[in-house]
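Please look over the structure below before reading on. The report then walks through selected contacts and bonds.

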Amino acid sequence: SPCDPNDPSLFLYPEGTCKNTCPDPLSNKIERKIKYCYSNCGSQWIYPDASCSGTCDFPLKEEISYTIPFCVSPCDPNDPSLFLYPNASCVNSCPAPLKDKTERKVLYCYSQCGSQWIYPDGTCSGTCDSPLVEQIDYTIPFCISPCDYSTGETVYLYPNSSCYGTCASP
């Protein structure tokens, strides 16, 4: 073994280097007094939860380390508050009507509508009907009001997609 036999804290990695840690999702074993650090997935991609797959699908990214194929989130692993969006953006919030889920130890933010338009109330449709307008964010198709509600004042959306501070009687 290339590792110092007098240092029992060292792990031997597949490509022959020695390290004093064997982090998740890797596995370790001791054979003939040598500590090995390896992937249970062989030549397949290993995910953060130690599951295996023949593919590493976007928005996850492929990373080869110690000759081991990892499939990892592009988000900062030291910031557990980041959500992975469908376009591989990492954002610290997942506002409604979007949903969040943790899959294979990766935190995702997604639209439950798939490729359909998602409305402010979370419903889905193949079309975005006026007076609402189409907006694509993070490759997610939203159907939203064109009005600016950021001032905190009441704004009314009219059938012609105009926005006014008052609601005229019909």
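This is a predicted model: local features need pLDDT of at least 70, side-chain atom pairs count only at pLDDT 80 or more; totals for chains, interfaces and linings use all residues.

Residues are numbered from 1 along each chain as its sequence is written, and side-chain values use heavy atoms, with hydrogens and water left out.

Start with S27. It sits in strand β3, which spans residues 27-31. Strands are DSSP runs of E with at least two residues, numbered from the N terminus. S27 has a relative accessible area of 15%, so it is buried. Here buried means under 20% relative accessible area, exposed means over 50%, and partly exposed lies in between (1.4 Å probe, protein chains only).

Which residues does S27 touch, not counting residues up to four places away in sequence? They are C22, Y36, C37, Y38 and N40. Contact means heavy atoms within 4.5 Å. S39 is 12 residues from S27 in sequence, and their C-alpha atoms are 6.0 Å apart in space.

Now take S111. It lies in the loop between β12 (106-110) and β13 (117-118). S111 is buried because its relative accessibility is 9%. A polar atom of its side chain lies 3.0 Å from the backbone nitrogen of C113. Leaving out residues up to four places away in sequence, S111 touches L98, I118 and I140.

**Salt bridges**

Side chains of opposite charge can pair when their charged atoms come close. How many salt bridges are there? The count comes to 3. The rule asks for a side-chain nitrogen of Lys or Arg within 4 Å of a carboxyl oxygen of Asp or Glu.

| Lysine | Glutamate | N to O distance |
|---|---|---|
| K29 | E31 | 3.5 Å |
| K61 | E63 | 3.6 Å |
| K101 | E103 | 3.5 Å |

K29 is partly exposed at 34%, and E31 is partly exposed at 38%. K61 is partly exposed at 35%. E63 is partly exposed at 34%.

**Aromatic pairs**

There are 3 aromatic pairs. Rings of Phe, Tyr and Trp (its six-membered ring) pair if their centres lie within 6.5 Å; planes under 30 degrees apart count as stacked, over 60 as edge-to-face and the rest as tilted. One of the pairs is Y13 with Y66: the ring centres are 4.4 Å apart and the planes meet at 40°, so the pair is tilted. These two tyrosines link distant parts of the chain, 53 residues apart. Y13 is buried at 2%, while Y66 is partly exposed at 28%.

Y85 and Y138 also form a tilted pair, because their planes are at 40°; the centres lie 4.3 Å apart. This pair, too, links parts of the chain 53 residues apart. Y85 is buried at 2%, while Y138 is partly exposed at 33%.

**Disulfides**

A disulfide is a covalent bond between the sulfur atoms of two cysteines. The structure holds 9. The cut-off is a pair of cysteine sulfur atoms within 2.5 Å.

C3 and C18 are joined with an S to S distance of 2.1 Å. The torsion about their S-S bond is about -105°, so this disulfide is left-handed. C3 lies in the segment before β1 and C18 in strand β2, so the bond ties together parts 15 residues apart in sequence.

C94 and C109 form another disulfide, with sulfur atoms 2.0 Å apart. Their torsion is about 80°, so the link is right-handed.

In C128 and C143 the sulfur atoms are 2.0 Å apart. With 85° about the S-S bond, this link is right-handed. C128 is in the loop between β14 (124-125) and β15, and C143 is in strand β16. C167 is in no disulfide; the nearest cysteine sulfur, that of C147, is 11 Å away. C167 is exposed, at 53% relative accessibility.

Methods:
Helices (H or I, at least four residues) and strands (E, at least two) are DSSP runs, numbered from the N terminus. A polar contact is a pair of N or O atoms within 3.5 Å; within protein, one must be able to donate a hydrogen and the other to accept it, and residues adjacent in sequence count only if both atoms are side-chain atoms.
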